[in-house]
Amino acid sequence: MNEQNRVYVFDTTLRDGEQVPGCQLTTPEKIEIAKELEALGVDVIEAGFPISSPGDFQSVVEISKVVREPVICALTRANTKDIDAAAEALRFAKRARIHTGIGASDIHIRYKFNSTREEILQRAVDAVKYARRFVDDVEFYAEDAGRADVEYLARMIEAVIAAGATVVNIPDTNGYCLPEQYAAKIRYLKEHVPNIDRAIISVHCHDDLGLATANSIAGLQAGARQVECTINGVGERAGNTSMEEVVMILKTHQQTLGLYTQIQTKKFYNISNMVSRMMRMPVQPNKAIVGRNAFAHSSGIHQDGVLKHRENYEIINPEDVGIPSNAIILTARSGRHALKHRLERLGYQIDKLNLDEVYQRFLELADRKKEVDDQDLQWLMGHHVDEHFQDNALHIELLQVMCGEPLQPMATVKLRVKGEEKSATATGNGPVDAAVKAIEQIIQDHVNIEELSIQAIHGGSEDVSKVNMTVSYQGKTCYGYGYSTDIVAATVRAYVDALNKLF
């Protein structure tokens, strides 16, 4: 591929991304993420802001020791103390970069620095020259470039490149620009900065108006060749440009844009989960590329279309970002095609079932639950089979329990035993114990329950419970399974299932 069309990926998850309140990372956590970023194929890792705290300083040091391929970058302001700290923190880096800069907009110059354009320009040049004493790779950021006067911005960029900057970062710090405005700013620099060919233009966009990804793509189309981004789009305020979004846009539209990266996209899903877990910042379900619903289909029309041909409703293969497959989410809006597909995956022979009848039972369950999963279907089909096949020795006809404070738990159970109905009532130390004792009265025998586990499949008060049970009788061990929105009913189903296998 043409090297001029390569886009360098600069990850700032560990610096800008970590500035989110409540999402701070320990040094070991940063190292773990940095190793995954290296495996992902990022070109630059901004490891921290060394002067900001001893912890950040140490994180840059330790990451520099263990990460060998990407450039390790440290952020500074345009002063010697910051740059000294960054240089010291980067002393173990195989490939080091100092990222220094200052505000470029008149708002920052006046209200943040209480200074003038000329003074700020001189501080920018001095900072780059000083940083070049320590490293050959210096990136300069013109903070709030999105709102800066473009002619002054061009003067600043020309001056810092002349001072030794190898990368010039044009941040839309406040997420202000529209895509065309931002692209126009990059084009202006390409056309009006005489020495621009001596540096790489970098885009660094924030998502205050939801335009970070769009602005980054616009900047790349206008000639920038480095994109600064974070995993999951984490970052200050509304966040930074999402790496997975930009990279997959370039990959999906490579024929149109002609741009490419070296990112191993199949690793996106795992690193997304890692960052979410370590930062304690959940990924919103409808997040592009890595959100839980990004490749999930619940509408009957969409499900039917995807099952017939994936590209009807998917422009990205989920496997390309590390997700094993798309998800057909069964809800009350799902159609027969989706239900049949899921049942066949579970091993049910649909040609031997009345699909219309099963579908009606499915809709009844779906109306009670927001989502029906495989365990729910197994419970549904088990219930269906119990009703239509009479060769089981035992079948539950009635289960009624009474419990609460200060009542002693009591259960009445009616079973059909080889076509004959039998019932019993018993008390116990709980509703399950009472139900089991009632069943023992009916079968006139005692079966040992060796192990019992109850699991809420998803969580929530309306959820289906899954019960696994191990029973033993005269040296023989069997396993029973039960599903129900009622925990007691699920347990009794599991017990009867095990008894049927025993007898």
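Glu3 and Arg6 join their side chains in a salt bridge with an N to O distance of 3.7 Å; a salt bridge here is a side-chain nitrogen of Lys or Arg within 4 Å of a carboxyl oxygen of Asp or Glu. This is a predicted model, in which local features need pLDDT of at least 70 and side-chain atom pairs count only at pLDDT 80 or more, while totals for chains, interfaces and linings use all residues. Residues are numbered from 1 along each chain as its sequence is written, and side-chain values use heavy atoms, with hydrogens and water left out.

## Salt bridges

Side chains of opposite charge can pair when their charged atoms come close. A search of the whole structure finds 23 salt bridges, and the table shows some of them.

| Glu3 | Arg6 | 3.7 Å |

Glu3 is partly exposed at 44%, whereas Arg6 is buried at 14%. Lys65 is partly exposed at 39%. Lys65 and Glu62 are three residues apart in helix α2, so about one helical turn separates them. Helices (H or I, at least four residues) and strands (E, at least two) are DSSP runs, numbered from the N terminus.

## Helix α3

Asp82 also belongs to the buried part of helix α3 (residues 80-89), together with Ile83, Ala85, Ala86, Ala87 and Ala89. The cover over the buried residues of α3 includes α2 (54-66), β3 (71-75), β4 (96-103) and α5 (117-131).

## The annotated binding site

Which residues does UniProt mark as "binding site"? The unreviewed entry places this feature at Asp16, His204, His206 and Asn240. These residues are spread over 225 residues of sequence, yet they cluster in space, with a largest C-alpha distance of 10.6 Å. UniProt positions are given in the numbering used here, feature names are shortened, and annotations may be inferred rather than shown by experiment.

Asp16 sits in the loop between β1 and α1 and is buried at 3% relative accessibility. Contact means heavy atoms within 4.5 Å. Leaving aside neighbours within four places in sequence, Asp16 is in contact with His204, His206, Gly235, Glu236 and Asn240.

Asn240 lies in the loop between β8 (226-229) and α9 (243-252), and Asn240 is buried as well, with a relative accessible area of 3%. Beyond its neighbours within four places in sequence, the contacts of Asn240 include Thr12, Asp16, His204, Cys205 and His206.

Arg15 is found in the loop between β1 (8-11) and α1 (27-40) and is buried at 10%. Its side chain makes a polar contact of 3.1 Å with the side chain of Glu46. A polar contact is a pair of N or O atoms within 3.5 Å; within protein, one must be able to donate a hydrogen and the other to accept it, and residues adjacent in sequence count only if both atoms are side-chain atoms. Leaving aside neighbours within four places in sequence, Arg15 is in contact with Glu46, Gly48, Phe49, Leu75 and His204.

Asp207 lies in the loop between β7 (200-205) and α8 (212-221) and is partly exposed at 24%.

## Cysteines

Cys23 is buried at 5%, and Cys177 is buried at 1%.

## A β hairpin

Strands β12 (residues 410-417) and β13 (residues 420-427) pair in the antiparallel sense over eight bridges; two strands pair if DSSP finds at least two bridges between them. Thr412 has Thr425 in β13 as its bridge partner. The two strands form a hairpin with two residues between them, and Lys418 in the turn has a positive phi of about 50°.

Terms used:
Buried < 20%, exposed > 50% of the residue type's maximum accessible area, 1.4 Å probe, protein only.
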